[in-house]
Amino acid sequence: MALRSPASAAPYALLAFIVFRLPSWACLLCFTTYPERLRVCQMFAGMEGPELEKCKEAFTVAFENLSYSEINYDERSHLHDAFTQMTHSLQEMAAAQWSFLVAFPDAVEKMKNVIIQLKEVQACIPPCGLQEASRRFRCRGCYSTVCDLPLDCPIQDVTVTRGGQAMFSCAVNFSLPKEEITYSWKFAEGGLRTQDVTYFRDVPRAEGYLARIRPAQPTHQGTFSCVIKHDQRPLARLYFFLNVTGPPSRGETELQFKFREVLLWAPRDAEMIEPWRPSLGELLARPEALTLKNLCLLAAAAAFASASAMLLIWMFFRWYFSGN
């Protein structure tokens, strides 16, 4: 009896469900085709007849224990190669006149050893993130799955004194791909503590997994968000709520005080302001000018001026009479 063409996939799939009566797909059905399995039984039990049906049933029962196996997603190709090698080995056993009642359990034990030696499935690391390193392949259904964790990580509180430095590290506790990783930063201002993406705005010139604010001011209080992407696919969103505490520094307080004084004193037309050059009479008219120290300075200045005048007069008369 010749094998049918692989093009008739739908009838073969239906026949597989009828003949291999499993409650779900198993590793055997994930990594081998129905024509391959049928060919094995035909070599053991003939092209048709009751013995062929017994072989199919035995093949199914033997591999039922592997239906709940889970493997590391990256090991799929290795397991597929192992099942391909297994079908060749079974055909060799059939050609050597082995009984399928002995050959099938032997093949199952060998496949169990192969699965044990495969790289283990990495455990999910809470609390968040799309963790591709923990992706697993399930034989029960022939599909892959990742950890059932949210993409958004819990908000981390960061408190810094006003004028100090705030540092954010966009790092997760699970493995990231080595290439095509990008980081983008956003900010929800106004002191909001939120994870609602509609409140966030892009932070320009912020890239890389580290972000720093220096000096931190009350206007920086709010929630910062970092999005980790691999090839434009989000892997995790981290949130940092920045709380700026403490009074302003002494220098900042003095600067603000002087600035307020200038605002209160300066006229509206600032370009009309000229420097004040008071006369001696205006200075003496000020009450705070007639201090003991200022009076002594005035007396000394007057004595110096009087002595200078007398010296000039004496030098003039001496010159005048020496000429005569």
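## Exercises on a predicted model

S134 touches V121, Q122, A123, C124, T145 and C147, leaving aside residues up to four places away in sequence; a contact means heavy atoms within 4.5 Å. This is a predicted model, where local features need pLDDT of at least 70, side-chain atom pairs count only at pLDDT 80 or more, and totals for chains, interfaces and linings use all residues. Residues are numbered from 1 along each chain as its sequence is written, and side-chain values use heavy atoms, with hydrogens and water left out.

**Exercise 1.** Find where S134 lies, and decide: is S134 buried or exposed?

*Solution.* Start with the location: S134 sits in the loop between α6 (100-117) and β2 (136-138). Helices (H or I, at least four residues) and strands (E, at least two) are DSSP runs, numbered from the N terminus. Next, take the relative accessibility: S134 counts as buried because its value is 1%. The cut-offs are under 20% relative accessible area for buried, over 50% for exposed, and partly exposed in between (1.4 Å probe, protein chains only).

**Exercise 2.** Which residues of α3 and α6 meet?

*Solution.* From α3, take V40, C41 and F44; they meet F100, A103 and F104 in α6. Then sort the residues of this contact: six are nonpolar, none polar and none charged. Here Ala, Val, Leu, Ile, Met, Phe, Trp, Tyr, Cys and Pro count as nonpolar, Asp, Glu, Lys and Arg as charged, and the others, Gly among them, as polar.

**Exercise 3.** Which residues does L90 touch, beyond four places in sequence?

*Solution.* List the partners of L90: V40, F44, F59, A103, F104 and A107.
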